[in-house]
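Below is a short briefing on one protein chain, arranged by topic for a reader who works with coordinates. Please keep the structure open while reading.

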Amino acid sequence: MNYTTDCLIIGSGAAGLTLALTLAKKAKVIVLSKENVCAGSTNYAQGGIAGVYNIKDDDDSIQAHIKDTCIAGGFLCDEKTVEFVAKNAHDAIQWLIDEGVPFDLKETKVEDEQSPYHLHREGGHSHRRIFHAEDHTGKSIQETLVERARENKNITILENHNAIDLITTHKLGLVGNRVVGAYVLDTNTNHVITINAKFIALCTGGASKVYQYTCNPEVSSGDGIAMAYRAGCRVANMEFNQFHPTTLYCDADRNFLLTEALRGEGAQLKRPDGTRFMQDYDDRLELAPRDIVARAIDHEMKKLGAHCMYLDISFKEPEFVKKHFPTIYERCLKVGIDITKQPIPIVPAAHFTCGGIMVDKKARTDIDGLYAIGECAYTGLHGANRLASNSLLECVVYGKAAAENILKHIDDEEFDTVEIKDWDESQVTNSDEEVIITHNWHELRLTMWDYVGIVRTNKRLERAMHRIEMLKKEVSEYYSNFRVSRNLLELRNLLAVAEIIVKSAMKRHESRGLHYNLDYPNTEEKSGPTILKPNE
């Protein structure tokens, strides 16, 4: 079944649903979800959403939020973007409150304080400014926005639909380069459908699945970044992939992230012998930005030959821990770890893609009618490292900005739909060699982990590029001869993203933020974003 709509939104997290709900007042919207509607990264965000809501609380300020963001970003942030996001934080958070997100309230209300909300502090933040719903903020936001979306007659949610590629006027041999639709694999039926749309928004999340170890959900395969790059969009800063310092080290639960807020509430990083080590790396100790903490943990593990380090909050009152971190407490208890009595074994894991598709303040890409919002986009907010809890804020601020721009042009004649031919699979057959995809999948992710991980060298990057090029040839031939599947589409996209990451890393001749190259250990005095153009 083919569809026609005003706006096709690929991705169903905070970015996509913010856009959908704001657009649906005047436009018809289709939201695609690769799995169920709650499968994306938003649902797993524990910490919260950062923003200065009321300056009277703890003497915080928008300028302080801007400063913290730029410091964490290795001074590679676009300052105008940071200011734009920080200034719109109050309205973004208020919109979520109005939609019904149940942020935690203070236990006792102080008369001269205007804000009733309990705020966390996380690494890199100079003040408590993290709005949260216990330790499952993302889940609360996701469920609230999904509920609002399902109530709206102008929003159609298509679950188990995997976007294949964007369709542009350039690809159709028409004038210009405007997006007009997308080919989508309906994994319920295994048939490819066509969706015509005046506007398309890529809200597909990041690409951390390109690494062997990640705390991201299965859907984080860089689909939007790869599709946009193939269609002709520039990408930027893809060498900066954030590794979350504290992921649970346990065979029974390998992808569980332990929120930054644990360290914000006093949790300490320790060696296997129980001694602390962050004092050897940064004056901010456990509250240093994530890149510093991740490298410290990585260095300690390599130095000691240890499989993991430890995060300890057991010296806090048990009721405090259970109240503020109930999800973490229960999840760890299931694998035999009582965090009120013992330290938690942890390792770093790939967590957030700081670069992405280049967009302006209205989330517009290089292609007319195509927008990118959230983790798949490069706005300039994160620079060389993302400040904790700025990501959900970016989703809502840019989701609202994109909606405002789309609604201004919803009736423009230039965005009328055009005829698109159906997907042609008459020359392909079903594959009887799925093992090739599985094997190449594992080889790519291990290559990226070993050679393009927390610490890099020129030789490691060259080795990674050589292997990626070989895998790309194999997968390209496979893609041309067999019917598409979700695994094949994700592998194709991950290979494209891996190549972009390595090319970007090769272009940066310094160490800054999340990109640490032993051959270029110093930070350059003047530096800007790494920008890649397709076919360069």
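Asp60 sits in the loop that runs between β3 (49-50) and α2 (62-72), where helices (H or I, at least four residues) and strands (E, at least two) are DSSP runs numbered from the N terminus. The model is predicted, so that local features need pLDDT of at least 70 and side-chain atom pairs count only at pLDDT 80 or more, whereas totals for chains, interfaces and linings use all residues. Residues are numbered from 1 along each chain as its sequence is written, and side-chain values use heavy atoms, with hydrogens and water left out.

**Around Asp60**

- Asp60 has a relative accessible area of 2% and is therefore buried, the classes being buried under 20% relative accessible area, exposed over 50% and partly exposed in between (1.4 Å probe, protein chains only).
- The side chain of Asp60 makes a polar contact of 3.5 Å with the side chain of His127 and another, of 2.8 Å, with that of Arg129; a polar contact is a pair of N or O atoms within 3.5 Å, and within protein one must be able to donate a hydrogen and the other to accept it, while residues adjacent in sequence count only if both atoms are side-chain atoms.
- Arg129 and Asp60 also form a salt bridge, with their closest N and O atoms 2.8 Å apart, a salt bridge being a side-chain nitrogen of Lys or Arg within 4 Å of a carboxyl oxygen of Asp or Glu.
- This pair links distant parts of the chain, 69 residues apart, since Arg129 lies in the loop between β4 (119-120) and β5 (130-131) and Asp60 in the loop between β3 and α2.
- Arg129, like Asp60, is buried.

**Other salt bridges**

- By the rule given above, the count comes to 34 salt bridges.
- Glu143 and Lys139 form one of them, with closest N and O atoms 2.7 Å apart, and both residues lie in helix α5 (residues 137-151), 4 residues apart, or about one turn of the helix.
- Glu143 counts as partly exposed because its relative accessible area is 38%, and Lys139 counts as partly exposed at 36%.
- Asp360 and Arg364 meet through their side chains in a salt bridge of 2.8 Å, N to O, and here Asp360 is partly exposed at 28% relative accessibility, as is Arg364 at 33%.
- A network of salt bridges links Lys34, Glu35, Lys209, Glu218, Asp223, Arg486 and Glu490.

**Strands β1, β2 and β6**

- Strand β2 (residues 29-32) pairs in the parallel sense with strand β1 (residues 3-10) over 4 bridges, and with strand β6 (residues 155-158), again in the parallel sense, over 4 bridges; two strands pair if DSSP finds at least two bridges between them.
- Ile30 of β2 stands opposite Leu8 and also opposite Thr156 in β6.
- Val29 and Val31 point one way from β2 while Ile30 and Leu32 point the other way, and all are buried.

**Nonpolar cores**

- The largest nonpolar core has 75 residues, of which Leu202, Leu444 and Met448 touch the most other members; such a core is a set of buried Ala, Val, Leu, Ile, Met, Phe, Trp, Tyr and Cys residues joined through side-chain atoms within 4.5 Å.
- Helix α14 (residues 486-507) gives the most to this core, with 12 residues.
- Apart from this core lies another, of 57 residues, including Val29, Val31, Leu96 and Tyr117.
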